[in-house]
Amino acid sequence: YRGEVWVFAGSGGGGGGGGLTVVNRLGLESYLAGVLSAEMGRRERRDQPALLAQAVVSRTYAVRNLGKRVASGFDLLPTVADQIYGGVGAETVQAWDAVRGTRHQVLTHRGRVIDPFFSSTCGGTTAAGIEVFRAAERPYLQSLPDVSPTGEAYCSLSPRFRWRQEWTGDELTRTVRRFLPAVSSIGGSEISSVRDVAVTERTTSGRVAAIAIQLAGKGGGSGSVVVRGPDIRRVLRPTTGQLLLSAQFLLTAERQGGRVQQLAADGAGAGHGVGFCQWGAVGRARAGQEYHEILAAYFPHTVLEQLN
């Protein structure tokens, strides 16, 4: 790791709770070099405009969120909760070229550094900020088609552009028992089986806004629970326990004997889909777009500026 390592007593960095919090303290540009390759992976030479665009997005994110976690003794987490950061081990020559090639550049709207949300794969249509994040109504975070003049999605080269997730009835019941209590008042021990799962509402970008889960209780009763927004991906998880790849999916349920025997989700994309699409940026770079064009496509009404 570059820079300094600070160690705080306490798991939260504030001196309590036991354990230690270890913080890497370093300059912004060095931090970005450890972010770019961790976020985008090793890329071909023709993909460099996408790395340049990610450098601006990641710098903008870091500047916008400085002090976000000051109560814990640091600014950002090195995970998808903020940005993936891998230290020197993640640095590449390409990443450093992108950092230096965009030095001090950030995106602004009306003179203010923007909220530059980004995710892996939008699936062909980005999501409006308000679809996923409360109070994220922004002129530059609107749902937009992310397709070429020929109608092909720029992120179609992503390995997660289209996907399918399946659950047997027993797997679905175990999943709901484990994850539904965290977003509802229903205890896992109360659930006997899942009678049905259906999409009841969609967002403007076509993503699932709400699902209704019909449950059979262990006492013989039944009821329906509505799960909304980001909680859908937290509840309807694959058997691995990870979040469902995206909220852009169609559900097919096979029912027998008053319960779901098989549930399938046919989906598109990976992540929340708001703002910058990483695989879409790669597709745009391969189509000949420069990084400032890529940024303008994902964040309309913004300006590329130099930090003072």
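**A tour of cavity, pocket and patch**

A search of the whole structure finds 1 cavity of 30 Å³ or more (a cavity being, on a 1 Å grid over the protein atoms alone, a set of points where a 1.4 Å probe fits but cannot get out). The model is predicted, with local features needing pLDDT of at least 70 and side-chain atom pairs counting only at pLDDT 80 or more, while totals for chains, interfaces and linings use all residues. Residues are numbered from 1 along each chain as its sequence is written, and side-chain values use heavy atoms, without hydrogens and water.

Select Thr126, Tyr140, Leu141, Gln142, Leu144, Gly275, Ala297 and Tyr298, which line the largest cavity (lining residues have an atom within 4 Å of a point). Its volume is about 40 Å³.

Next, select Val23, Asn24, Arg25, Phe74 and Leu76. Among the 21 residues lining the second largest pocket, these lie nearest its centre (a pocket is an open set with protein on both sides within 12 Å along at least five of seven lines). The volume of this pocket is about 610 Å³. Strand 2 gives the most to the lining, with 5 residues (strands are DSSP runs of E, at least two residues, numbered from the N terminus).

Finally, select Val5, Val7, Leu20 and Val22, a nonpolar patch on the surface with about 400 Å² of accessible area together (patch residues have over 30% relative accessible area and no salt bridge, and nonpolar side chains are joined within 5 Å; a salt bridge is a side-chain nitrogen of Lys or Arg within 4 Å of a carboxyl oxygen of Asp or Glu; areas come from the Shrake-Rupley method with a 1.4 Å probe). Leu20 lies in strand 2.

Key. Patches are made of residues with over 30% relative accessible area and no salt bridge: like charges are joined within 9 Å, nonpolar side chains (Val, Leu, Ile, Met, Phe, Trp, Tyr) within 5 Å. Helices (H or I, at least four residues) and strands (E, at least two) are DSSP runs, numbered from the N terminus. Grid points are joined across faces, edges and corners, and a volume is the space filled by probe spheres set on the points.
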